[in-house]
Structure formats: structure tokens, C-alpha cells
Amino acid sequence: MTAILSARGLTVRYPGARRPAVENVSFDLSAGSTLAVVGESGSGKSTIALAISRLLDPAVEIRADLLTFEGRDLLTMDRAGLRRLRARRIAMVFQSPFGSWNPTRTIGAQLTDGLRAAGIWPSGRDRLLTLLRRVGIHEPADRLRDYPHRFSGGMLQRAMIAGALVARPSLLIADEPTSALDTTVQAEILDILDELRDEHQLALMLISHDLGVVARVASSTLVLYGGRLVESGPTTALYRNAGHPYTRALLAAAPRLDGPRKVRLPALAPGPVVDHGCAFAPRCPQAESRCAETTPGLRPVSGLNVACHLAETPRST
Amino acid sequence: MTVWQVPGVAAWRLRRPRAAEWWVGATVFGIAALLLVPGWLAPHDPYALAVSERFQAPSVAHPFGTDDAGRDIFSRVVHGARYSLGTSLIVVSVAAVFGTAYGAVAAWSGGLVDRILMRVVDVFLAFPYLVFAMAIAASLGRGLGSTLIALVVLWWPSYARMVRGQVLSLLKDQHIKAARTLGASGGQILRWHVVPHTYDQVTVRYTLDLGQALVALTGLSFLGLGAQPPSPEWGLLIADAKQYALTAWWAAVLPGLVVFLVALNFMAIGDRLRRDGTGR
Amino acid sequence: MTKTADPPPLLEVRDVHKTFTTGPRPVRALRGVSLSVRPGEIVGLVGESGSGKSTVANLILGLEHPDAGDIRYQDRALPDWLARSARGYRGAVQAVFQDPVQAMDSRKTIGWSVAEPLVIHRVARGAAARERVADLLRSVHLDPALADRYPQQISGGQAQRAGIARALALEPALLVCDEAVSALDVSVQAQILNLLLEIQDRLGTAMLFISHALPVVRHLADSMVVMYAGTVVEQGPTEAVCQAARHPYTRLLISSSPHPAPDRKPGRAATAPREQMPVTGCRFAPRCPLAVDRCRAEDPVLRQVGTAHTTACWRAEDLATVTSR
């Protein structure tokens, strides 16, 4: 399957920043598959989404050897082209269900704006109603007359997803779509996203701080630390034998339903993100002198790509 | 070396002032000098007539020139500060202290007391100030005193409303809830966690209002509703000078410029304080 | 876990009801909730937003008052404590909040905030208070030099440690932790969980640990209480509840929880609009795959299904035959 979104060496630098927010990140995303982008706050994961949809301020420097969407170069595209792209081909869903809606206008009015922008009003109305039912909003024609405060967080997020998909985009970027929601609702929304991806052959980019959350739906995962890709590969392999100490630490620090109880969790000590050498070296329990000297590049290690000097040496703790 | 304070101990300590603090300090010092010792700053007697020296253009001897009676305008402006600036200070200070207390009491009491107190505020806020000032002047007689009363009466409600809103939202804050679970009494919560949080906004508003009150006050005097001749109140200086503004431009323009710059200085400080969010 | 003779509970919540009437419609936040915490025990309270779990915390902290029912600490009713010895109760039952930065006064230094309970309760003041604060900060693995900073100048993890130090200042017997780790990154969360376990171990402090995250509650708690829509639907020893859940909602929580094991595809989560909360019968019935007519007609009562394990489900026995994991 060919990739519809490709990035090679994507680097994003905010004006005046000491180091790039995103540095030399490469990935491919093809139709019908889900790519998870995982990292702590400040890892640059949201910046990647904003760079793809070109929603960053013009003063922000975006460089890449290649950044294409459906074969077209995103870096050289003019503003009108980008606007058309965002209205029809690339859809986005954000974290805050309440922050994404204008409280003074009805849900229907706001979804209609999206249809107009995509040039499918009123023809797209039926499809919108179908999608709303599909994501679990009953009696959608009635609910459209409601204001956002009458919706729960989960319902707003469902409506946002329906609105995002009505113009038949080929790429859906979901930035922490479920972080503000309850566990059960979170699972429901992820399942809906997963099913819609399958039904519509969507390319889905799922951004999250929680490896456990993306495990539910993502076929492959990128792990970011300090703006750099530290590990990437099939999600299953990542969970089974993560090659990077940071990925392993993230996995080990989260309490698991099938793990031991009431034991000390191996928690990473806090530390600075450094420019020289491996960005993770100051926090890494296994760091050696070479980690502080040379920046490790991504290398294939047992089915994954790992940016760690020590990736092939047997683990010892 | 620990420098932080524990509750119940006053928190005074010296440190290097920031640029904004130098600026505020200089302003306070300047105002104090103008109000307390104008005689030291003014080269001439502000009331002394010297017909031979009338309509002199600005010079070293008369930095702001002289008026139609030969009085030194610079000295009149310096002495007029007591009337213009002094009155503005009284107006805004009285309004701020009363309004803050009023607003805090309303928010703290809540319920019916709060509703009644705030309806009173609404009534005052609904008055057009010029009409009200004229009414006061008509009933109490023209003069700086009636203007002062009119402005205070109209000025305090904005503080009451602002402080009430702030206290209401503060009372919902997590840190107030946390203090309650620690066992803090109502008085401790008010003293430690509520009142200090209103300082920032009150200070900003106070500073901005000093400029506005000065403009309002000189405006009323200019219209003949405030200070009466021969007082060197700034609005009155400008009003007097307007008859011969074409021959002696300085007599109206320079005092006007002083009002403008002083008001601008207050507003700029206020804006700066707002941006700094003092103490945060 | 060794089983000794049950010590009397430190805190008991008995059949507590609470309705909020401030909004456009009255909201029945709690409808007959009971739970107890024994000395030194960590009780996990898990539920989604709107389940009433935070209301339970506010009632125990004396910030709200129940419409009906009893809250007893050391076998003495809460109103009695607050009327006669409010300080005694406040000192014994302390809180750790979700947002540690918001829970401290932004105009006061960390040192000031940690010293505040000492001064309120006249335990120490001046130089003695400073010394005690430094000890407290060290006990939560913070550099005492942080006393000088303001809450917004330190990281979320440091702020939560400071919040815990503040709560420990009066050596409480019970800590009420309301979503105390929910806002933190996973490695910081792990550090705070480690700290709480260490405190239980070292000081024997009992805790009511409230969270929406089942894996976190399971990790920490000795026993747990599952709440749904203002009622307790299941409670018991943590392992019993997690391994042999007998309420369909607990099972839904288990299958919905983030689970780093991608090969295990959980079943499709049940969906039902929240707006259609029933007035009679089991509140979970509209979302329940096992609901029968009786569930919609009769309120289920808590019944014993194992050692100290109770559940409020009419179909608990049938559920036992369906494997949960």
C-alpha cells in the first residue's frame, strides 16, 4: 500500500527556541492504517500535527527533505491550496471537547460551517446526520439544535469526529482526542475511530501521551523524546520488546491491570533534555559516555527502528 | 539561607527594585513634592500680578511664560497640583477604599445582603457623571468641594463591583478549599488568601483611575463646575487662557500638556502594572 | 495479606445521600453510599465523572454536608467533631488534590504553604516551623531549597510532592486523595504512587484514593469501591474486585482501561446516552448488556458475593459464570 502522507527529516523550530521542537522526524502513513505518535508533554508530538496541516505561525521554521500528502508537496503549497486541503482532505480533532466549540452557537450551526467550507452544503447534510448516528448520537436532527453546554464531553467529541469526516477526508489527525474523557467513554471513542478508519479507508494519526491508550488501535507507533524520534515500528513489537530505554521506562512506569500490585514502579528521574548526544542520556539508567558524545541514529533492531547506542546489547537491570 | 516567610509573620524584605518600581517611585516622589512643598519648586508667587510682564513667551525666567495678569504660569501649574492632583488622589483613594470594603462585604455575605448592596451599586453606575456633577454644583454651590463629592459618589461603585466579582471567584478557587481542609478560620482565609489577591487589580485600577479622575476633574473645572478663580487649578488655567489662546498659545497649551502628560503617566503605569501582574 | 481480627474502622460513611439543588434541576449526587476505611488501609474509590466520587471526598472533608446518613471518624459523628473539635478533625483527616498548583496560594511560597497547617494548628511557628517544613519537604524527597519558590515556578510533580508534605504536616491518620495523580505524566505519576505507598508503609497513614483510572487504583489500594451514578455498585478486596468482578460496570471499566497488551482486543465498549438515566431500577441498566426486566424495575441492593466482596447487581450470580478476563 502506498503512503498518502510522507515525511523525511521533518524539522520544526519556533522562533527564538534553543532547540527545534521537532528534529529530523521521518514516517509514512498509508490509507486504512493508524499511526500513533507518543511522547510526554513537550516532546513535539502536537507540533508534528500542526506542521502537517500547516497551522503553525509563518514565523515558525519548517524544514523537511520531503513532506508530501497525496503526492503533493505540503511545504510549497500556497495558502489557498492549504485551505482547500484542510477543508476537504485533512481533518483534525483536538483534545479539549469544550474548547473546540463556540459556546454561543448551536452544534448544528457550527457543523454547517464546516460543510460550507468544504463546499458541500446543503448536499452533505444527510451524510452528516448518518455520521452523527454512526458515532452514537441518537436523534441527531434534534441534537443539532442544542448548544454545546447541553452535550457531555464525550458527545462533543463524537460530534467533532462526525463533522471532521463529513467531507470525506483521507487523513484524520486526532490530537489527544480522549485524554479529557472517562475511561469507558475513552474506549468507546477509540473504538469508533478505529471502525471509521476501517470503513472509510482513512489514514489515522493518533497523538497521545499514553502508550496504553494507543495500544488499543494503532498498528504502528512513533515514540518521541525531546523532538526526536527515539523508536518506531509496529505497535505489537514495541510493546513486546521495546528497544529504547525511554520506551521501556514509559511502559514500566504505568500501573497495569495484569501487573504486580503495591510495588515500587520503576519511575524515570526527571532530567534535562540535552542537545548534545542522545537527548535522553541525562535520564537514562543505562547511559554510557558515548551517549553524551554522539547522537544515536535510528537503526533497525529486531523489527523496530531504535535510536540508541545500546539497543543491541542485552538488557541488564 | 531561607528567606521565605511562615504565616503570621510580616513579610518585609529589601531587594533591588525593578525598572517599573523606579518609575513608580519617581512618580510618587514627584507628586509628594508637588503637593507638600510647591513653594520650593515654583520660582514665583503664583498669585503675584505683574501687568508689565503680561503675555511673556516661555523663557528661562518663565519656563511656561506668563498670562494676561503677568503671573508666572509655571508657578501656577506647580501650585495648582494641590487642587488638581490632590483632589484626584482624594477622590480615587476614598472611592477605592470604600468600594473595596463594600464589594468584599457583599461577596462575603452573599444572598440577599449581596443582592441589595449590588442593586445600590447599579443605581449609582447608571448616573451620567456630568449631569450629576452639575446637580451637585447646583445644590452645594460651585467649587472644588462639590466636584470632589460628585466624583467620589460616582467613582466607588466600580471598585465595589470589581472587588465583589474577584472575591466571588476567589472563594471558588481550589486554594481556598484547600485552606479550609487545613482548618483555617474565616478570618485567616480572608486575611491570607482572599484580600491579598485583590491588591493587584485594585492597584492597577487605582493607578488608571488617577489619570481618569484628573481628566474628569480638570474637565469639570474647565466647564466652570469645579474650582473657581483665582485658584490655579489646571482646568481653570486652561479655561482662563482660552480667551487669548491665539496671542499667547503657551498659556493654554503648556498647562494642557501637563494634564495630558500626568494623566498619560498614570495610565502607562497602570498598564505596566497590569502587564506585570505585580507580584505573580 | 495476613488476616488478623478486624480493627474497628477509622472512618465510616453510612448510607449517605446528597442532592444538589443549585442548578436548573436537582442532581442526586449520592443515593445511599456506604464505605469504611480501616487504620493504615488504602481504599480505592473508582468511578467516572458524575459518579459522585468527589462528593464523597467533599463530605468527608467537611466541605459539604450530607442530606441524610452518617459520617463517623473514630466512632464519633462528623458534625460533633466539627462543632467541638474542628481542629482535631482537620488535623487527622487531610486532603491531597488533583491540581497541586491550584491547591496552593499563588502568592505564597511553597514554604509558607507547607508551614500554614503548623501555624493554624499552633504546632510550631517562626524558626521551628521552618525547620519542620524542611523536614517535611525532605520526607517527600524534595530539596528544602524549593521552599523559596512559588507553586507556579516548580514542576507538577514537585508541586504534588509539596502538596503531600503540606497534608502530612499534622501527621494525619487519613489522607483523602482526590484524583491526586490524574494530571501528571506517566513517569511523574509513578513517582507519586511510589511516594504514597512509602507513606503508608512508613507512617501507617490510611488513605481514601479516589480516581477514574482503574489500573492506578488497583496498584495502590488494599480494597476498593466502585461507584456508578451516585451508588456503590461493587466493593471488596482489590484482587477480588479486579479478578472476579461481579458487576457489569466493573467489567466494562476493566475492558475499557488502557492496557499495554495490543494482542488482547477488548470487546466493543457499550454505548448509551448519559441523558437517559433511569429513575427506577438499576442506573446502569441502559448500558448493561445483561439487563433484564427486574433490573429496570427494582433498585439492586448490595449483596455478599465473596469474602468481604459485595455487589449491587441482580445478575451477579449469572455474571460469575461469564469469565471476566
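Contact means that heavy atoms lie within 4.5 Å. The model is predicted, so that local features need pLDDT of at least 70 and side-chain atom pairs count only at pLDDT 80 or more, whereas totals for chains, interfaces and linings use all residues. Residues are numbered from 1 along each chain as its sequence is written, and side-chain values use heavy atoms, without hydrogens and water.

**View 1. The contact between chain C and chain A.** Chain C gives 49 residues to this contact, and chain A gives 49 residues. About 4100 Å² is buried between the two chains, with 52% from carbon and sulfur atoms; buried area is the accessible area (1.4 Å probe) lost when two parts are put together, summed over both.

**View 2. A salt bridge between A:Glu188 and C:Arg287.** These two side chains meet at 3.5 Å, N to O. A salt bridge pairs a side-chain nitrogen of Lys or Arg with a carboxyl oxygen of Asp or Glu within 4 Å. Between chain C and chain A the count is three salt bridges.

**View 3. The largest nonpolar core.** A nonpolar core is a set of buried Ala, Val, Leu, Ile, Met, Phe, Trp, Tyr and Cys residues joined through side-chain atoms within 4.5 Å, where buried means under 20% relative accessible area (1.4 Å probe, protein chains only). Of its 137 residues, A:Leu132, A:Leu172, C:Ile164 and C:Phe209 touch the most other members. Not counting residues up to four places away in sequence, C:Phe209 touches residues including C:Ile42, C:Cys177, C:Leu193 and C:Val216.

**View 4. A second core.** This separate core has 65 residues, among them B:Val77, B:Val91, B:Val202 and B:Ala251.

Definitions and conventions:
Chains are lettered from A and ligands numbered from 1 in the order in which they are written. Buried means under 20% relative accessible area, exposed over 50%, partly exposed in between (1.4 Å probe, protein chains only).
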